[in-house]
Amino acid sequence: MLIGYARVSTTGQNLESQIEHLQGEGCDTVFQEKITGFDRRRPQLEKMIASLQPSDTLVVTSLDRLARSTSDLFVITQKVEAVGASFRSLREPWADTTSSMGKFLLTVFAGLSELERNIINERTEEGRVSAKKRGVKFGRKLKLTPHQQDQVRAMLKEGKSIRAIARDFNVGVATIDRIKRTTALS
């Protein structure tokens, strides 16, 4: 069975031409949504994938209606293939897992997707290292200033309870306990 998926990004856009094209290709059912492709949570796409049967073929008018990146396309087509279904794009005839060449090309795109992910991760790490060299601090801001932490340590040495100190500084018990543990380690 041919199952269609049609999507437009905004409510001002019209799904009709995609639906007509998909029905013209023989799609019995067409799932449709008006939602940006950047949103990973697309209810109709998820519902459509969940309903696929092994003999089904997911059909889209164009790859950009299904995915916004090669990695997104790869994830979606893997979900489709995991249930034994196929995938086909009308505008991009090479994107057709019903043929050996289509499967091969999607595998190549999967490799490109992984390369793209790795390059992004490398750039992110380079940016992080550069930011650290410039003195940028990462992670949560400290709940207590260094001076307040010294006061906490002094109160702990005096024998004041962790709960009482936490109340005094209006922080959680875990914050005071963390200071206590780091003091004990030093």
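## Phe138 and its surroundings

Apart from residues within four places of it in sequence, Phe138 makes contact with Arg128, Ala131 and Lys132. This comes from a predicted model. Phe138 lies in the loop that joins α5 (100-133) to α6 (146-157).

The relative accessible area of Phe138 is 45%. Partly exposed covers values between the buried limit, under 20%, and the exposed limit, over 50%, so Phe138 is counted as partly exposed. Gln53 is 85 residues from Phe138 along the chain, and their C-alpha atoms are 46 Å apart.

## A nonpolar patch on the surface

A nonpolar patch on the surface is made up of Met101, Phe104, Val108, Leu112, Leu115 and Ile119. Together these residues have about 540 Å² of accessible area. An α-helix has 3.6 residues a turn, so residues three or four places apart point the same way.

Phe104, one of the patch residues, is in helix α5. Phe104 has a relative accessibility of 49% and therefore counts as partly exposed.

## Helix α4

Helix α4 runs over residues 70-82, which makes 13 residues. From its first C-alpha to its last, α4 reaches 18 Å, close to the 18 Å expected at 1.5 Å a residue. After α4 comes Gly84, with a positive phi near 90°.

Which residues of α4 are buried? They are Ser71, Asp72, Leu73, Ile76, Thr77 and Val80. The cover over these buried residues includes α2 (43-51), β3 (57-60), α3 (63-66), β4 (86-89) and α5.

In soluble globular proteins, nonpolar side chains tend to be buried together. The largest nonpolar core here has 19 residues, and the members that touch the most others are Tyr5, Leu45, Met48, Leu58, Leu66, Leu73 and Phe87. Two or more core residues come from each of β1 (2-8), α2, β3, α3 and α4.

Leu45 belongs to the largest core. Setting aside residues within four places in sequence, the contacts of Leu45 are Tyr5, Glu33, Leu66 and Ile76.

## Asn170

Where is Asn170? Asn170 sits in the loop between α7 (162-169) and α8 (173-185). Its relative accessible area is 70%, so Asn170 is exposed.

Most residues other than glycine have a negative phi. Asn170 is not glycine, yet its phi is positive, near 55°.

Conventions. Residues are numbered from 1 along each chain as its sequence is written. This is a predicted model: local features need pLDDT of at least 70, side-chain atom pairs count only at pLDDT 80 or more; totals for chains, interfaces and linings use all residues. Side-chain values use heavy atoms; hydrogens and water are left out. Helices (H or I, at least four residues) and strands (E, at least two) are DSSP runs, numbered from the N terminus. Buried means under 20% relative accessible area, exposed over 50%, partly exposed in between (1.4 Å probe, protein chains only). Contact means heavy atoms within 4.5 Å. The expected span of a helix is 1.5 Å times one less than its number of residues. Patches are made of residues with over 30% relative accessible area and no salt bridge: like charges are joined within 9 Å, nonpolar side chains (Val, Leu, Ile, Met, Phe, Trp, Tyr) within 5 Å. Accessible areas come from the Shrake-Rupley method with a 1.4 Å probe; for residues, only the protein chains shown count as cover. A salt bridge is a side-chain nitrogen of Lys or Arg within 4 Å of a carboxyl oxygen of Asp or Glu. A nonpolar core is a set of buried Ala, Val, Leu, Ile, Met, Phe, Trp, Tyr and Cys residues joined through side-chain atoms within 4.5 Å.
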